[in-house]
Amino acid sequence: MSLIQEPEPITADPPPGPATGPLLTQSWLDLAFLHWAYPPEDVAPLLPEGTVPDTLDGLTYVGLVAFRMHRVGWFRLPGIPYLGTFPETNVRLYSVDERGRRGVVFRSLDASRLIPVAVARSAFRLPYLWSKMSVRQEGDLLTYTSRRRWPGPRGAGSRIVVRRGPRLAEPTALEHFLTARWGMHNTFLGRSLYLPNTHPRWPLHRAELLSCEEDLVAAAGLPSPVGPPVSVLYSPGVPVRFGRPARPGGIPTP
């Protein structure tokens, strides 16, 4: 498939938000971003119809992102303290659609709350999975653990240990490419949709990877990573607002 439009510019700051109120609010906290470079042909079969791998200098990337989800809320309602707050680890890909909109595609989203997992799977067709998880912090050391419970493959998981480093004054083009994403591509009831989001500019820190034991990438249908990640970053987090989903042509769904 050839793109109708050139990909939009990579911008560290969010685009103008929609005029309507947010569909969903949440915060992403204490994030560890691990990324490996992949050939685009390894990723292309796993993307929704109407999208292709987004690339930088001929390569695309697979991300393993561990963090704390905080107070998920619908519309303008306040976030839910317990059910809306939990550790999460996702495997994500990088996509661009026919309008040139850059986004992410989630291959798996492991979370520790069963009810949000069940709702996200049944109502929104997102690949959430219920896992036993924890996020522990001791000074500049952060440890993220995950072990899958349902629906499987049971036992798939990860253990990531990073040491937070200094804040980046000016992230590189690759670091912006991997983090400055203003939407998600997904397939819902056989249709490809784009869900826009907005949040402040990422506060990014260099991070040292001390340990990474994982089989979530392979469980998501990708070749296992070879070698250490090419990028390791940490962020204390941002508040996030999601707008209404749009079809590939850019028309919001009713």
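Is glutamate 208 buried, exposed or partly exposed, and at what relative accessibility? Glutamate 208 counts as partly exposed because its relative accessibility is 40%, where buried means under 20% relative accessible area, exposed means over 50%, and partly exposed lies in between (1.4 Å probe, protein chains only). The legends below describe a predicted model, in which local features need pLDDT of at least 70 and side-chain atom pairs count only at pLDDT 80 or more, while totals for chains, interfaces and linings use all residues. Residues are numbered from 1 along each chain as its sequence is written, and side-chain values use heavy atoms, with hydrogens and water left out.

**View A. Glutamate 208 and arginine 163 meet in a salt bridge.** The N to O distance of this pair is 2.8 Å, and a salt bridge is defined as a side-chain nitrogen of Lys or Arg within 4 Å of a carboxyl oxygen of Asp or Glu. Because glutamate 208 lies in strand β11 (residues 205–214) and arginine 163 in strand β8 (residues 157–167), the pair ties together parts that are 45 residues apart in sequence. Strands (E, at least two residues) and helices (H or I, at least four) are DSSP runs, numbered from the N terminus. Arginine 163 is partly exposed, with a relative accessible area of 36%.

**View B. Aspartate 54 forms a salt bridge with arginine 102.** The closest N and O atoms of the two side chains are 2.7 Å apart. Aspartate 54 lies in the loop between β2 (51–53) and β3, and arginine 102 lies in strand β5, so the pair ties together parts that are 48 residues apart in sequence. Both aspartate 54 and arginine 102 are buried.

**View C. Arginine 101 and aspartate 97 are joined by a salt bridge.** Their side chains meet at 2.8 Å, N to O, and both residues are buried.

**View D. The largest nonpolar core has 31 residues.** Such a core is a set of buried Ala, Val, Leu, Ile, Met, Phe, Trp, Tyr and Cys residues joined through side-chain atoms within 4.5 Å. Trp28, Leu31, Phe33, Met69, Tyr128 and Trp202 touch the most other members. Strand β3 gives the most to this core, with five residues. Leaving aside neighbours within four places in sequence, methionine 69 is in contact (heavy atoms within 4.5 Å) with residues including Trp28, Phe86 and Tyr128.
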